[in-house]
Amino acid sequence: TQGQEFQLRVEPQNPVVPAGESLLVNCSIDCPSAELISLETSLLKESVGSGRSWAAFHLSNVTGDTQLLCSGFCNGSQMIGFSNITVYRFPERVELAALPPWQPVDEHLILRCMVSGGAPRDHLTVVLLHGEKELSRQPAGKGEPAEVTVTVLATRDDHGANFSCRTELDLQSQGLGLYQNSSAPRKLRTFAMPMIPPRLVVPRFSEVETSWTVDCTLDGLFPASEAQVQLALGDQMLNATVVSHADTLTATARAKAEQEGTQEIVCNVTLGGESRETRENVKAYSFQGPNLTLSEPNATEGTTVTVTCAAGPRVQVTLDGVPAAAPGQPAHLQLNATAKDDRRTFFCNATLEVHGVILHRNRSVQLRVLYGPKIDRAKCPQRLTWKDRTMHILQCQARGNPNPKLQCLQEGSMFKLPVGIPFLVRLNYSGTYYCQAASSRGTDILTVMMAVQGRNPIAITIVLGVLTTLGLVILVAALVYVSGVQKRRDIYHVRQSSTRLPLAPKQPDEAVAVELS
């Protein structure tokens, strides 16, 4: 009864210590006659000192929560005190479960954070993060290892974003603060793949060994720049140029068929582990010719020329509107070359049916006929009558192959008269001219008589007389005008002794001047 008046204290009371650390525990009784003070624990202990009413013990390697019991006697009565040790430790493992390589947009994604270890668990919280933004905050729970999950809806904005998880050990109530431990971040890649296949644009028909363009386009891709495209012609992979803009991807390549028949073109677009594919057929054909030839490309006038149009098998040719006997057969045309056939053009049309479609090709060739020069009599008059000092053009022309040289020379003087350009006619141009057209194929001569008329002398005399008379009239009028002005401004002297008129003029120095107005 007397012992209950005193207290047995255990210090520290309910401590929180890091796992594996040591702890100094003191048991004391405020009883003057205390004795047999001891400590009961499952931990390794070592007495480090004692006194009349106390005993101290060193506890080592505190690895788990445990209870301490101190006991002692006071005046023959046993006294007991308790203290609970709480051990805290950080989680050994904080890891965000692996994310899928690609996550479809607008589909739910489950994030899992795995936590192993950590104590005390009722003070341990797991936080799931999108970058620095908290998605979820949950207690770790009692399980080992603990798994905390959260479901999110993947969006385009989540592409390339980092996700992670963090644990928080809150010991602020014990005055030890808040401890955090984070996992390594994981990057999420989201994608969108349309359900429709890509658009593949190829020609329906293609000639063997002739290259053509292949275009493959797919809309609604995200991210379009990370999609993979394969273009193939049969077993042959094509070298494609890929361009992405916004949500559209376009691949372009050049292809050509090596042999006749149906060739398959394949376009395959892959993104996020999903693929979309389109196949189209191209019908390859061989269209040989047409070849249009002349037996004599430069034929002499009067010779026979053969025109031949030929093409490959199954090709129907038509030469100048006349078809060949059958497809695959050539068409021929013969003619006796004349000057009128020079520069004549021959046309050959070839047709080939490919799977119900008629294909056309045309060829043309020009024939040159060699013939001697010929002056055009209709455009080169043999008699000319022109007037002196007038402008004229001698419109003479000559035909021939090769082109002849044309010149007109005056008989006797050998004066060369200009041909085809304006010139001033003179009297001495009258005479006979020999116009000659010459080439390697021969010559052609045409005589031209030119008569140049002089101007009318009577008319000239009349014009000169009129001009002279007009000049004299103008001169006389001018003199009369000048004389009148002079008289109005002269000086006169009046003689008193004379009664005759008219007055005679005097010099200014002979008499006093009187100004008359």
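In what order do the four strands of the open sheet run? Select them and read across: β1-β3-β6-β5, with antiparallel pairing. Strands here are DSSP runs (E, at least two residues), numbered from the N terminus. Two of them pair if DSSP finds at least two bridges between them.

Before going on, note that this is a predicted model, where local features need pLDDT of at least 70, side-chain atom pairs count only at pLDDT 80 or more, and totals for chains, interfaces and linings use all residues. Residues are numbered from 1 along each chain as its sequence is written, and side-chain values use heavy atoms, without hydrogens or water.

Stop 1: Now show β3 (residues 21-29) and β6 (residues 54-62). Seven bridges join this antiparallel pair. Find Leu 23; its bridge partner in β6 is Leu 59.

**Stop 2: the largest nonpolar core.** A nonpolar core is a set of buried Ala, Val, Leu, Ile, Met, Phe, Trp, Tyr and Cys residues joined through side-chain atoms within 4.5 Å. Buried means under 20% relative accessible area (1.4 Å probe, protein chains only). This core has 27 residues. Select Val 307, Val 317, Leu 319, Phe 346 and Leu 367, which touch the most other members. Strands supplying at least two residues each include β29 (304-310) and β34 (357-375). β33 gives the most, with five residues.

**Stop 3: Val 317.** Contact means heavy atoms within 4.5 Å. Leaving aside neighbours within four places in sequence, Val 317 is in contact with residues including Cys 309, Pro 330 and Cys 348.

Key: Buried means under 20% relative accessible area, exposed over 50%, partly exposed in between (1.4 Å probe, protein chains only).
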